[in-house]
Amino acid sequence: YKVYHTIHPDNSARLGTAIIIKDTIHHCEMPKYSTQEIQSTAVEIRTHRHSILVAAIYSPPRHNIKKVQYLKYLQKQGHRFIIDGDFNAKNTNWGSRLTTTKGKELLHAINEIGCLAISTGKLTYWPTDRQKIPDLIDFFLIKNISPNFVNIEEGSDMNSDHSPILLTLHDRIIHLKNNPF
């Protein structure tokens, strides 16, 4: 495996992102993206059909990011991408219990650039502070990838205050099972 990481500009040990990728997957690391508001690590994966940028993102909760800042980041990600991480942006459109200003701004950027936010619809953040309420702040953004080829599920590893979410990208359309009635 190879590990690629991006740290916060102030060199803080607790902020930033990382991607761990198997050596046998044909890939290359993309330029790091590190601002006070967004840290992101990305690799481009080359398949027999096309290339896909896969990125991990972290956006600290204290920053109120505007649509222009999100657009600047998203436009650097290219034509086809999957971005996953802790956006710290809440919006009922991707399953959060409420919509914040940061979530509204991200939704405007998503709509303008033509990508989709997809999630399990289940809580991903479990705060240790009893004054805070669990919510969904970890999700995927996809662009030029049909959701018909994507399966998302929650992971069970609870070594963090965030639940892992897993995305599987298939090379054929996923046929959903009908619920019995």
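The model is predicted, so local features need pLDDT of at least 70 and side-chain atom pairs count only at pLDDT 80 or more, while totals for chains, interfaces and linings use all residues. Residues are numbered from 1 along each chain as its sequence is written, and side-chain values use heavy atoms, with hydrogens and water left out.

**Helix α1**

- Helix α1 spans residues 67–75, and its buried residues are Y70, L71, Y73 and L74 (buried means under 20% relative accessible area, exposed over 50%, partly exposed in between, with a 1.4 Å probe and protein chains only; helices are DSSP runs of H or I with at least four residues, strands runs of E with at least two, numbered from the N terminus).
- These residues lie on the same side of α1 because they cover an arc of only 165 degrees around the axis, the arc being that of the directions from the helix axis to the C-beta atoms.
- The face turned away from the buried side of α1 carries the exposed residues V68, K72 and Q75.
- Among the elements against which the buried residues of α1 pack are β4 (33–34), α2 (101–113) and β9 (138–143), where contact means heavy atoms within 4.5 Å.

**Aromatic pairs**

- A search of the whole structure finds 3 aromatic pairs (ring centres of Phe, Tyr and Trp, the last by its six-membered ring, within 6.5 Å; planes under 30 degrees apart are stacked, over 60 edge-to-face, the rest tilted).
- Y33 and Y73 pair edge-to-face, at 5.0 Å centre to centre with 70 degrees between the planes; because Y33 lies in strand β4 and Y73 in helix α1, the pair ties together parts 40 residues apart in sequence.
- The rings of F87 and F139 are stacked, because their centres are 4.4 Å apart and their planes at 10 degrees.
- Ring pairs link F87, W94 and F139 into a cluster.
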